[in-house]
Amino acid sequence: MNSPAAVAVSNHDEIGVSQVSLPPETLDRVARVLERGQLAQGPEVAELESLAAQMAGTSHAIAVSNGTVSLQLALAALRLRPGGEVVTSPFTFAGTLNAILNAGLRVRFADIAEDFLVDPVDVARQINAETVAIMPVHLFGLPCDMTTLCELARSQALAVVEDAAQAHGATWKGRPVGGFGTGSFSLYATKNITSGEGGLITTDDDDLARRLRTLRNQGMRGRYEFESIGTNARLTDVQAAIAIPQLNRLAELIVRRQENARMLTEGLSGLEGIACPKRADDPGHVFHQYTIRVTEASGTDRDSLVEHLGTAGIRAGVYYPRAAYDYEVYRSHPQVLAEPCPNAERAANEVVSIPVHPALSAADLDRVIAAIHSAVRSGR
Ligand SMILES: *Cc1c(COP(=O)(O)O)cnc(C)c1O
């Protein structure tokens with residue numbers, strides 16, 4: 001069997017903004033699944049679900065085929081009033097919106113704060129008689145203020161669905177995300193824990209968990225006992241076997257990301273016009289991305305910096321280049337209530353995510369820091 005280094009796709013000169021690097025025990029585990037011959041949902045999925053429930057501190061986790069479907073099924077299983085409004089962040093991936101729209105609900109945006117997360121003050125302002133749920137997004141691995149958001153939801157009798165696609169193991173005041181409301185995680189290839197494609201829903205609600213297991217399996221409660229209209233949203237045992245070893249090492253993977261973030265903050269502090277992430281020292285931040293703002297004082301701009309890094313062999317990511325509503329398909333959609341969110345639009349012009357993943361060496365981090373210094377110095 002090959003060494004784990006053979007699994008990690010790495011190019012000597014290129015530093016990627018994300019990198020798949022699987023623990024060495026992954027190959028044996030996947031090989032055992034292939035030998036067993038049960039490729040669809042089976043014992044590996046059950047083991048993954050038990051680890052995911054531990055991660056979120058919930059009594060149940062339900063594995064599904066991806067993180068968009070997990071959000072959509074969470075909304076469906078909650079049986080919210082059709083056409084009701086879900087308040088969420090405009091600074092997120094399209095999957096957040098698509099899940100809400102596909103669940104037959106409407107989306108209303110609350111603007112973000114300086115930390116890139118939806119601002120609870122604006123969430124409160126956007127809640128109205130049509131609101132049925134709030135969907136905070138723990139963007140870049142940073143947990144939202146769940147104390148305030150849960151209190152708001154409780155006082156208005158709203159559901160909370162956490163989009164924790166980027167926040168495996170993140171904690172708010174010591175409590176893991178995914179357990180404050182109904183939790184949703186993605187296992188896509190670039191996420192902190194991956195199975196290539198995959199998703200997880202976490203909950204303490206026994207009945208909700210049962211409905212979710214039914215929904216993902218054609219609405220069947222038992223064999224050919226149809227209880228509702230369902231779908232096929234199952235994960236395979238092969239996929240679960242890829243993710244389990246990473247979940248077993250979650251704590252270690254988080255510490256590596258946090259240590260890398262600390263080095264980046266140290267290396268970039270005091271650099272004119274470059275704003276390091278807010279709450280970078282929050283012990284609950286799991287740094288899916290390390291996202292800086294490039295402001296005018298830097299003498300350069302975001303797009304020039306990305307280009308400069310590219311010529312230095314460093315891949316940076318722009319998450320996200322526009323506010324989520326700022327596309328014709330969404331703007332003109334009858335289920336989208338798109339009012340301008342100035343903070344999200346400013347962030348979209350200023351942000352760049354630089355490499356922070358666990359496979360980086362100290363030398364890689366030095367190269368990233370040096371390239372940013374040189375871009376700012378030369379005004380490129
Ligand atoms: C990745 C992601 C999703 C969707 O997950 P998929 O597994 O790609 O479907 C949803 N929301 C956010 C914030 C994400 O980053």
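Visitor: How many nonpolar, polar and charged residues are there in the lining of the second largest cavity?

Guide: Five nonpolar, three polar and two charged. One thing to keep in mind as we look around: this is a predicted model.

Visitor: Which residues line the second largest cavity?

Guide: Asp 115, Phe 116, Leu 139, Phe 140, Leu 142, Pro 277, Lys 278, His 285, Gln 289 and Thr 291. Asp and Lys count as charged, so Asp 115 and Lys 278 are the charged pair here. The volume of this second largest cavity is about 60 Å³.

Visitor: What makes a space a cavity rather than a pocket?

Guide: It's a matter of getting out: in a cavity a 1.4 Å probe fits but cannot leave, whereas a pocket is an open set of points. The idea behind it is that rolling a probe the size of a water molecule over the atoms shows where empty space is left. Here the count comes to three cavities of 30 Å³ or more.

Visitor: What is the volume of the largest cavity, and which residues lie nearest its centre?

Guide: The largest cavity comes out at about 180 Å³. Nearest its centre you'll find Gln 19, Ser 21, Lys 191, Asn 192 and Arg 257, out of a lining of 16 residues. That lining splits into six nonpolar, eight polar and two charged. Lys and Arg count as charged, so Lys 191 and Arg 257 account for that charged pair.

Visitor: And what about the largest pocket: which residues lie nearest its centre?

Guide: Phe 93, Gln 166, Tyr 188, Thr 190 and Lys 191, which belong to a lining of 27 residues. The pocket itself has a volume of about 440 Å³. Helix 4 (67-77) and helix 5 (94-102) are the elements that give it two or more residues, and helix 4 gives the most, with three. By type, the lining has 11 nonpolar, 13 polar and three charged residues.

Visitor: Which residues touch the most other members of the largest nonpolar core?

Guide: Phe 91, Phe 109, Val 123, Ile 134, Leu 139 and Met 146, in a core of 62 residues. A second, separate core has 26 residues, including Ala 170, Leu 200, Leu 253 and Val 286. In soluble globular proteins, nonpolar side chains tend to be buried together.

Visitor: What is Val 123 in contact with, apart from its close neighbours in sequence?

Guide: Setting aside residues within four places in sequence, Val 123 is in contact with Val 87, Ala 110, Val 118, Ile 134, Leu 149 and Leu 152.

Visitor: Why is Gln 258 called buried?

Guide: The cut-off for buried is under 20% relative accessible area. Gln 258 has 19%, so it counts as buried. You'll find Gln 258 in helix 10 (residues 250-268).

Visitor: What lies 2.9 Å from a polar atom of the side chain of Gln 258?

Guide: The backbone oxygen of His 285. Leaving aside neighbours within four places in sequence, Gln 258 is in contact with Pro 283, His 285 and Phe 287.

Visitor: Is Leu 208 buried or exposed, and how do you know?

Guide: Its relative accessible area is 2%, and under 20% means buried, so Leu 208 is buried. Leu 208 sits in helix 8 (residues 206-215). Beyond the neighbours within four places in sequence, its contacts are Ala 77, Leu 78, Thr 182 and Thr 203.

Visitor: Why is Gly 310 called partly exposed?

Guide: Partly exposed is what falls between buried, under 20%, and exposed, over 50%. Gly 310 has 23%, so it lands in that middle class. Look for Gly 310 in helix 11 (residues 302-311).

Conventions:
Residues are numbered from 1 along each chain as its sequence is written. This is a predicted model: local features need pLDDT of at least 70, side-chain atom pairs count only at pLDDT 80 or more; totals for chains, interfaces and linings use all residues. Side-chain values use heavy atoms; hydrogens and water are left out. On a 1 Å grid over the protein atoms alone, a cavity is a set of points where a 1.4 Å probe fits but cannot get out, and a pocket is an open set with protein on both sides within 12 Å along at least five of seven lines; lining residues have an atom within 4 Å of a point. Grid points are joined across faces, edges and corners, and a volume is the space filled by probe spheres set on the points. Helices (H or I, at least four residues) and strands (E, at least two) are DSSP runs, numbered from the N terminus. A nonpolar core is a set of buried Ala, Val, Leu, Ile, Met, Phe, Trp, Tyr and Cys residues joined through side-chain atoms within 4.5 Å. Buried means under 20% relative accessible area, exposed over 50%, partly exposed in between (1.4 Å probe, protein chains only). Contact means heavy atoms within 4.5 Å. A polar contact is a pair of N or O atoms within 3.5 Å; within protein, one must be able to donate a hydrogen and the other to accept it, and residues adjacent in sequence count only if both atoms are side-chain atoms.
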